[in-house]
Amino acid sequence: MTTTALGLLTGLTLGLAAAFGGFSAFLLVLVFGGLGLVAGRVAEGKLDLAQLLGRDRD
């Protein structure tokens, strides 16, 4: 399992644990899943936040 997949699963699990049931819980899980995915991509080195924020490492 890649770090990205692990980050996504972690985010989804935390989202489910934080709020279970209803449409608002669905949206919360979606947000946590996205945050987990981004964290996994950053940890894996496939996403450079400095470039997205306009802060190059020159």
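How much accessible surface does the chain have, and what share of it belongs to carbon and sulfur atoms?

1. The accessible surface of the chain comes to about 4400 Å², and 68% of that belongs to carbon and sulfur atoms. Areas like this come from the Shrake-Rupley method with a 1.4 Å probe; for residues, only the protein chains shown count as cover.

2. A quick word on what you're looking at: this is a predicted model, where local features need pLDDT of at least 70, side-chain atom pairs count only at pLDDT 80 or more, and totals for chains, interfaces and linings use all residues. Residues are numbered from 1 along each chain as its sequence is written, and side-chain values use heavy atoms, with hydrogens and water left out.

3. On to the fold. The chain has three helices and zero strands, so reading from the N terminus you get α-α-α; helices (H or I, at least four residues) and strands (E, at least two) are DSSP runs, numbered from the N terminus.

4. Now the overall shape. The chain has a radius of gyration of 14 Å, while a compact globule of 58 residues would have one near 10 Å. That radius is taken over C-alpha atoms, and the globule rule is 2.2 Å times the number of residues to the power 0.38. Along its principal axes, the C-alpha trace spans about 45 × 25 × 10 Å.

5. Of the 58 residues, 19% count as buried. Buried means under 20% relative accessible area, exposed means over 50%, and partly exposed is in between (1.4 Å probe, protein chains only).

6. Leaving aside neighbours within four places in sequence, T4 is in contact (heavy atoms within 4.5 Å) with L37, G40, R41 and E44.

7. E44 also takes part in the one salt bridge of the structure. Its partner is K46, with the closest N and O atoms 3.5 Å apart. The term means a side-chain nitrogen of Lys or Arg within 4 Å of a carboxyl oxygen of Asp or Glu. E44 is partly exposed at 26% relative accessible area, whereas K46 is exposed at 53%.

8. Finally, look at the surface: M1, L6, L8, L9, L12 and L37 form a nonpolar patch with about 540 Å² of accessible area together. Patches use residues with over 30% relative accessible area and no salt bridge, joining like charges within 9 Å and nonpolar side chains (Val, Leu, Ile, Met, Phe, Trp, Tyr) within 5 Å. Helix 1 (residues 3–18) gives the largest share, four residues. M1 lies in the segment before helix 1 and counts as exposed, at 76% relative accessibility.
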